[in-house]
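Work through the exercises below with the sequence and the 3D structure at hand. Each task is followed by a solution in steps.

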Amino acid sequence: MIIDSKKYNGKCACGHEHKMTTEFCIIEVGCLVNIDKYIEKCGLKGHSVAIYDENTYNATKQIHPKVDKEIILPPENLHADNHGVALAKELMPENCDYLIAIGSGTIHDITRYCAHEKGISFVSCPTAASVDGFCSSVAAMTWDGFKKTFEAVAPKIVIADLSIISKAPMFLTNSGFGDMIGKFIALADWKVAHTLTNEYFCDTIHNMTMDATKAVTESAEAIKDGDITAYENLIYGLLMSGLAMQMLGNSRCASGAEHHISHLIEMQPEGLGVKSDALHGEKVGVGTLIACREYHRLKDSNLKWNDYHQPSSDYIKDMFGEKLNGAIVAENSDDCALGITAKLIEEKWDKIRNIIDTVPTYKELIAKYEILDVKSKLGDIDVSEEKLDALMEYSPLVRNRLTLMRLKRAIKNI
Ligand SMILES: [Zn+2]
Ligand SMILES: [Zn+2]
């Protein structure tokens, strides 16, 4: 399968002009063998450096592309952080015209950060269907202990070899499955925001992400059986989700309440008392089930609404403590839900209920999780079940983005 950006670029019915920066993605069995041909096709020339970790170096050892230098990073404690970047930079030759990332999310973030710093392009070769960030134009890094999103570069092309991806460890595949299923919530949140505040919305981007998400959901059984087409659906969905973000210019179509739950856990705020080493997609997968159950509960409840009001800085400080308080207060200062009245919510509630119906029920989703043994409970990601209410209450504050979870602040008596 080939994803050609030309098909998606240009004027859209939504009135915007969309542009993918990634030129094309090849998703095929054995396509890594032809990487030279694809690199030539996209016009990259000169000195090349491939970045691996030891695991991905071994997983691809029959088909390493010919490059001027190979950088093989140690996988132990390798993270997308200043340490990981320093390791790569230490080994990076002065003379380098483009980079090739051969690995999963961490290798990609380190590579895209270095490529941006050097002002050069990079080629993405995912070795596992573990995350939707391969096509991202930003690098999500931990810098001196803080989560930070850096401006970086999106890959010029993606070479996704299914013979490698389908042999990746199952926990990586399951993580990608969780990241992808989360789009049901993200897309519903986007639609809810559009309904309430007329936030910009694009049907094309919504529908391409939704179609890819449904295809992945339906592939659970076949992924378990190692079916190549099912892996193709999964990596296609993850790449498409990243490309949809490129078209949109932000992550609205890929990240809603479920990602905010994951981010809150990662931030480890003082008032929450959690620490989880689970993978991004594992946390998103658990966050998705939490949001799914809650959204359907809201849909079926007889709710009374207040006008929305902004959380106070004292309230924020109680959870986020000295260290994170400033950043979270700043994030919420221009609250996206401010001005939403009880009257408006009541007027739109039937529409919102219809939107919630686009999210599969908890029962439907958990059945898919169970097929693959995807992590589904807070306990599976080392977070106590007692933290559930706090996660739902405070997670919307990590990002000033209107979600149904944020809107809950306007429900009377909760
Ligand atoms: Zn559009
Ligand atoms: Zn994600």
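**Exercise 1.** Decide whether Ile228 is buried, exposed or partly exposed, and find what it touches.

Step 1. Count the C-beta neighbours: Ile228 has 14 inside 10 Å and therefore counts as partly exposed. The cut-offs are these: a residue is buried with 20 or more other C-beta atoms within 10 Å of its own, exposed with 12 or fewer, and partly exposed in between, with C-beta atoms placed from the backbone.

Step 2. Note the setting. This is a predicted model, in which local features need pLDDT of at least 70, side-chain atom pairs count only at pLDDT 80 or more, and totals for chains, interfaces and linings use all residues. Residues are numbered from 1 along each chain as its sequence is written, and chains are lettered from A and ligands numbered from 1 in the order in which they are written.

Step 3. Helices (H or I, at least four residues) and strands (E, at least two) are DSSP runs, numbered from the N terminus.

Step 4. List the contacts, where a contact means C-beta atoms, placed from the backbone, within 7 Å. Leaving out residues up to four places away in sequence, Ile228 touches Val29, Leu162 and Ser166. Ser166 is 62 residues from Ile228 along the chain, yet their C-alpha atoms are separated by 6.8 Å.

**Exercise 2.** Describe the surroundings of Val29.

Step 1. Val29 lies in the loop between β4 (24-28) and α1 (35-41).

Step 2. Its 14 C-beta neighbours inside 10 Å make Val29 partly exposed.

Step 3. Apart from neighbours within four places in sequence, Val29 is in contact with Leu162, Ser163 and Ile228.

**Exercise 3.** Which domains make up the protein chain, and how many residues of each are in contact?

Step 1. The chain is divided into domain 1 (2-168) and domain 2 (176-232 + 246-410); such bounds come from an automatic or database domain assignment.

Step 2. Taken over C-alpha atoms, the centres of domain 1 and domain 2 are separated by 27 Å.

Step 3. In domain 1, 24 residues are in contact with 17 residues of domain 2. On the side of domain 1 that touches domain 2, the residues divide into 13 nonpolar, eight polar and three charged. Here Ala, Val, Leu, Ile, Met, Phe, Trp, Tyr, Cys and Pro count as nonpolar, Asp, Glu, Lys and Arg as charged, and the others, Gly among them, as polar.

**Exercise 4.** Describe strand β7 and its partners.

Step 1. All six residues of β7 (residues 98-103) are buried, so the strand is largely enclosed by the rest of the structure. Tyr98, Ile100 and Ile102 are on one side, with Leu99, Ala101 and Gly103 on the other.

Step 2. Two strands pair if DSSP finds at least two bridges between them. Strand β5 (residues 48-53) runs parallel to β7 and is joined to it by four bridges; Val49 stands opposite Leu99.

Step 3. Strand β8 (residues 121-126) is also parallel to β7, joined by six bridges, and Gly103 stands opposite Pro126.

Step 4. Ile100 has contacts beyond four places in sequence that include Ile51, Val67 and Phe122.

Methods:
Contact = placed C-beta atoms within 7 Å.
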